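Subject: Structure handover

Hi,

Here is the structure I promised to pass on. Please open it before you read further.

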Amino acid sequence: MTTKTPTEPGQERLKQFLLAAAIPITAVLLAALIGAILLILSGADPIAAYSALIKGSFGSERAFGRTLEKATPLILGGLAVAFAFKGGLFNIGGQGQLLFGAIIAGALGFGISGLPFVIHMPLALLGGALAGALYATISGALKAFTGAHEVITTIMLNFIAINITDFLANGVWKDTSGIVARTPAILETAAIPRLGTNMPLGFFIAAFIAFLVWYLLFRTTLGFEIRTVGLNNHAAHYAGITVARITILTMGISGFLAGMGGAIETLGVVGRFQPGFNVGLGFDGITIALLARTNPLAVIPAAILIGAMQGGASQMQFDAKVSFEIIDVIQALILFFVSAEMIVRYILRIRADQGGSVTLSTGWGQG
Amino acid sequence: MSTLATTSKSSWRELLRYSGWIIAGLVVVASIIGYLSNAQVTTSMLASTLRQSTPLILGALCGLLCERTGVVNIGIEGQMLFSAFIGFLANVYTGNLVIAVAAAILAGMLVGGLHAFMAVYLKMDQIIAGTVINILALGLTGFFYTAGLTTEGKLQPINLGPLADLPLVGPVLFNNPPITYMAIILVFVMHYVLFFTQWGLRTRAVGEHPSAADTVGINVNRMRYINVIIAGGIAGLAGGFLTLEAVGSFERAMTNGRGFVALAVMIFGKWTPFGAWGAALLFGFASALQTQLQFIGTIEIPHQFIGMLPYVLTIVVLAGLVGRSRPPAAVGKPYETD
Amino acid sequence: MRKSIVLIFTLLLLVLISGVSMAQDCASPDVLCVGLVTDVGEVDDKSFNQSAWEGVQRAGEELGATVEFIETQDAKDYATNIGLFAENGYDVIVTVGFALGQATAEAAAAYPNINFIGVDQFQGATVANVAGLIFPEDRAGFLAGALAGMMTQSGTIAAVLGTDLVPPVVAFKEGYENGARYVNWDIELISTYHPGGLDVAFTDPEWGATTARQAIDLGADVVFGAGGKTGNGALIETAGAEGVLCIGVDTDQWETVPEAHSCLVSSAMKLIVPGVFELVQAHVDGAFPGGNYVGDVGLAPFHDFDANVPQEVKDRLAEIERLLIDGQISTGYNPGG
């Protein structure tokens, strides 16, 4: 690596890109390797397990569709967390915002009839997203006006959201045709369809939103203000930015994204709101945002990766008799190796680039 | 030494301010109990309050020590879960509860060491480090747990003689199992160590102003390593509380968010041991109250609304009374020596 | 060093991509294959997933069936998991829990040649290839409540419950309370549901334990733990309290929670194991019953407490059970209203 050869700018850029891609790929392989050791220790066959995992996530058109379906709420949940990080806020409340999005989308989906698809579906989708936004705004406003730390309020609001949605699904909005606690099924006109037989349209909506978020953050004044507040809210204040307004907006938009994730789950996957069908998605969003280093566009491949692992887990259980918890272990290891660049760079003999590593926890310390 | 003196004074002031809150809280508690007006109800609720606050205050003390030294720790949940599992296994295979508690503490320290390695040595983002620990603990304990393992017993209450015969406070405070006592003692120890010892001064210096600390000859990274590992041991005790004292058995994901509530408790208490203790007791009390309200059963409120009580109360008190909280200045930033 | 690492990775990748296909003989008509899809959770949950799996295993032993299970991690995977068995030629698929009802009905329509057993799934309409294995849990609860009502000394009995989002839990609770009142009208009943969502309500033993303790401190001397591992936490906690009895749920918990031996007087059982087995047997006999199939419920043996339960209590329980079956008394549980 010591010899220097002059290169064309285009070639240089390609090389940069390949190097950037090499780190996550190596991280995944390292994680898989350690996962394989654990599998062998537990008496399972890692090759059978991994090939089943791949078969279950990319092996057929249906499997691929399932992977994209799993990736959809992860993209939006990841965007929600990433967006808040950019504004210096840690939104642990994605789960609660997602639940609100899911139930409100469901209520709009079954409660309104007579609308054509082109109005009903977007209405339910946006209604769900707005519900998430409003719910997150509680944390944003509390932070802006009383200084209450958003980590506490979002954690507490997660618990509260479970109780409220359970109450609604088992009470006023309960499907009275059975004894199961769930809302009635949404109408056909509110459902997010599939493209062809297997490709979920929701995924493409989510991916499009990722581009919008990227544009908002890096190409608009508001995005600049949000990032400025995220870097240093005192400096932002002296630069004439109303920090309270930005805080509330950041949380609101973050909740909008999480809420939309829940809405797509209801309208595109489950078909109604049912307690227990949206567990853990909000927390997965944190993993996705961190894997993507809060880059809105990188959220898409990160979500597909984790979505594939979740989508293929059943096949892995069936073919290789490996319990799904190994997926969690591998996820944690991937996150570790992607973030512990030092190790991967040592293996690949890549020197550190100028940018250095990300620090998300700076927002933690801003009062 | 002058800084030590001033900070000690200000910490006392902080304590005084909190004691005001604690007294105010006690008045509220007393009035609610007065409303329910029954000695048995009072005892059962206060005992439940203390019990439910124990894992929270231990978790919060872990987070507090980490953050005071400049390392964010959102992996408390994972640390608790992992050490609960290891403590349980030790109990299964040795049948000795002392060894099991030690194993839980060591497991917590091990995970703390991993956290310190990621945060200090690898200079990984600390939020990521904590998330890695949370997911890893969930996966590893789930993967290696096999059902059907049972233990002989769990830690039993130790009756502190005549103290336990006092009315009300006796059964609530002086007839508890060992980890509950340890948690209470640790609150005082942590306050003393942080604000009245040289180690505490250095810890806070490293958390507030690492480069200045470095200039006066404190080894920043070494301080962080040691504190994060000790903190891990405290989280380990919280895990041990769950499997060895409270339940006597392990289940997958049995922490059920208590580590995150502990995180909230730590921030709520403004990164001070007594503040965190007050917050943990408040939360424990609200939880006991919601159970009591369900027990009474005459109130025609859906139980989901009663169940929200601890969380709503936390937000209301936080927004209305506590307000802005400021973490240690250098928290979350790896220390770079240039 | 570096080259060798790259080589290892390349090899690993190649192996992964090449894939290994598993041979399954379930497609053959001579081979009986029974698959089980759990509700969210594990097959060793000491509760209904485990009981259903034991029923399937019994079919494996006695009928020579090939048996397999898939543990569901995410409720949205129900259809996927059922599909894995269906497409691999399984003859009978057992789905556990009311939450799988919809996925089961859809799969039954898509695979008319496969018989489905839906544990806890009430069938509104009869479909030839779906048997909903349901239980009158309120009856088991009523008997447990009557037992508790007759055994209590303090006049206060408690129930520590999973969540009212799950209909069988509500049935157990209502039956328990009404059974206790039936034998002892003045009895003090203190019951609580877990305050959290479905994902934690059955897996929070510490909450179960601390709640049981709070109830015991309030004077309860019988604790009914009905809520998976949450309920088990309540049983284990009660075992540490002097002179307090506990009652388990679903299976004979004498077998599943040995830590509770010192308090476990009985369990309100729903006999899932024989229910599942009988339905698989019916499939083999070509007499698979579509629609609802009502399984048995009852109290588990008293085990070590047999001497502590007076004969008149035993007689009264037998009497109540007879009256319940005859329909002369009602449990008072009415899910419609």
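Predicted model: local features only at pLDDT ≥ 70, side-chain atom pairs only at ≥ 80, totals over all residues.

Residues are numbered from 1 along each chain as its sequence is written, while chains are lettered from A and ligands numbered from 1 in the order in which they are written.

**Core**

The largest nonpolar core holds 354 residues. (A nonpolar core is a set of buried Ala, Val, Leu, Ile, Met, Phe, Trp, Tyr and Cys residues joined through C-beta atoms within 7 Å. Buried means that 20 or more other C-beta atoms lie within 10 Å of a residue's own, exposed means 12 or fewer, and partly exposed is in between; C-beta atoms are placed from the backbone.) A:Val299, B:Val265, C:Val223 and C:Val276 have the most contacts inside this core. Helix α4 (residues 97-121) of chain B gives the most to it, 14 residues. (Helices are DSSP runs of H or I, at least four residues, and strands are runs of E, at least two, numbered from the N terminus.)

Take B:Val265. Leaving out residues up to four places away in sequence, B:Val265 touches B:Leu56, B:Ala60, B:Ala276, B:Ala279, B:Ala280 and B:Phe283. (Contact means C-beta atoms, placed from the backbone, within 7 Å.)

**Helix α2 of chain B**

This helix covers residues 39-68. Its 30 residues should span 44 Å at 1.5 Å a residue, and its end C-alpha atoms are 41 Å apart, which agrees. (The expected span is 1.5 Å times one less than the number of residues.) α2(B) bends by about 35° at B:Thr54, and B:Pro55 follows within four residues. (The bend is the angle between axes fitted to the seven residues ending there and the seven starting there.) Of its 30 residues, 26 are buried. B:Gly70 follows α2(B), with a positive phi near 100°.

**Chains A and B**

Here 40 residues of chain A are in contact with 44 of chain B. On the chain A side, α6(A) gives the most, with ten residues.

**Domains of chain C**

Chain C is assigned domain 1 (33-135 + 273-294) and domain 2 (137-270 + 307-326). (The bounds come from an automatic or database domain assignment.) Their C-alpha centres lie 28 Å apart. Eight residues of domain 1 are in contact with ten of domain 2.

Best wishes

Note on methods
Contact = placed C-beta atoms within 7 Å.
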